[in-house]
Amino acid sequence: MLLGVAVLTATSTQPTTATTSPTDPAHLLMASINQARAARGLVPLRSDWRLWAIATERAGRLAATGILSHEAAGPLTSDLAAHGVGWFGYGEDIGYSSGSPGVAGSAVLAMWAASSQHWPLLMSSRYNYLGIGLVYRASSGDTFVSVVLTESPDRTGAHARATQAVVYGNDIRWSWRGWDPPLQTHTAGLRDFSVQLRMDLGAWSTIGSVLTSTVSATLDRAPGHWYGLRVRAGDRAGNVGPWSRELRVWVP
């Protein structure tokens, strides 16, 4: 079996401004990396679809040339800029192995794990996002792998969930909660919630925006209807998450 790996890192003191299945070889490789990080008390690296595109492009260049080098993959700074990725630092592990992506991914990961240069990059306490690309070179039967990591500003949306609706006569007391998914570094933190209400299956109306310290609201509603509430959260970096599942309650 043919094997090879290489590593690249860089830092900056100033910040700059392919959808796949979770069971595909690249996502399985990501899961293995994050399992190893969790075993060391580190936060899992988060996906950034732009980094997945970059890593796939870079692995594709390596496969096209059959050369394993960061120079053959091209300047990573140019790729980051072209995809609009802001960063404080970046790194890349590359490698190749004979066999299909599923076989090669595991082989390359094992080689990185045995490397005093590659493994510390994947287990770093400073990076927070990653993307992975695996591209098969049919002419040689090899798969080339790129893992691109960045230390970047938080771009992961916060999450919210409506938790309770209690009816007191014609009044409904709603409760909700939210959280900002933690990053290894630069987690922005929860900022506020947007709250919407509707009667029966009508149009949503916005109640307003509330601070994280406000976790419930009491509203006077007309009887004989269903009322639904949904909420979404935003973090201090301006990232807004999806609307929560609607919580419905009947006012008799």
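Four strands make up an open sheet, ordered β9-β8-β11-β12, with antiparallel pairing. Its edges are β9 (205-211) and β12 (247-251), each with a single partner strand, so one side of each has no neighbour in the sheet. From one strand to the next, the twist averages 25°. That angle is taken between axes, which are lines fitted to C-alpha atoms, in N-to-C directions and on a scale from 0 to 180 degrees.

Some ground rules. This is a predicted model, where local features need pLDDT of at least 70, side-chain atom pairs count only at pLDDT 80 or more, and totals for chains, interfaces and linings use all residues. Residues are numbered from 1 along each chain as its sequence is written, and side-chain values use heavy atoms, with hydrogens and water left out.

How confident is the predictor? pLDDT is its confidence in each residue, from 0 to 100. The chain averages 88, and 87% of the residues score at least 70. Residues 11-21 are another matter: pLDDT stays under 50 there. The model has 16 contacts for that stretch beyond four places in sequence; a contact means heavy atoms within 4.5 Å. Where pLDDT is low, the predicted coordinates should not be read in detail.

Back to the strands. They are DSSP runs (E, at least two residues), numbered from the N terminus. Two of them pair if DSSP finds at least two bridges between them. Take β8, residues 190-199, which is joined to β9 by six bridges and runs antiparallel to it. The β8 and β9 hairpin has five residues between the strands, and D200 takes a positive phi near 55° in it.

On to β11. Nine bridges join β8 to β11, again antiparallel. M199 has Y227 in β11 as its bridge partner. Then β11, residues 225-235, is joined to β12 by five bridges, antiparallel as well. G228 is bridged to R248 in β12. W226 stands opposite W250, also in β12.

How many of the eleven residues of β11 are buried? Eight are, so β11 is largely enclosed by the rest of the structure. Buried means under 20% relative accessible area, exposed means over 50%, and partly exposed is in between, using a 1.4 Å probe and protein chains only.

Next, aromatics. The structure holds four aromatic pairs. The rule covers rings of Phe, Tyr and Trp (its six-membered ring) with centres within 6.5 Å; planes under 30 degrees apart are stacked, over 60 edge-to-face, and the rest tilted. One of the pairs is Y96 with F144: ring centres 5.3 Å apart, planes at 20°, so it is stacked. Y96 sits in β3 (residues 89-98) and F144 in β5, so the pair ties together parts 48 residues apart in sequence. Y96 is buried at 18% relative accessible area. F144 is buried too, at 2%.

Now T143, in strand β5. Buried or exposed? T143 is buried, with a relative accessible area of 0%. A polar atom of its side chain lies 2.7 Å from the backbone oxygen of G99. Polar contacts are N or O pairs within 3.5 Å; within protein, one atom must be able to donate a hydrogen and the other to accept it, and residues adjacent in sequence count only if both atoms are side-chain atoms. Beyond four places in sequence, T143 touches residues including G95, Y96, A104, L134 and Y136.

Y136 deserves a look. Its strand is β4, residues 129-137. At 43% relative accessibility, Y136 is partly exposed. Its contacts, leaving aside neighbours within four places in sequence, are G99, S100, P101, G141, D142 and T143. Y136 and A59 are 77 residues apart in sequence, yet 8.8 Å apart in space, C-alpha to C-alpha.

Last stop, S152. Where is S152 found? In the loop between β5 (142-151) and β6 (159-168). S152 is buried, at 4% relative accessible area. Which backbone oxygen lies 2.7 Å from a polar atom of the S152 side chain? That of G86. Leaving out residues up to four places away in sequence, S152 touches V85, G86, W87, F88, N128, Y129 and H186.

How values were computed. pLDDT = per-residue confidence, 0-100.
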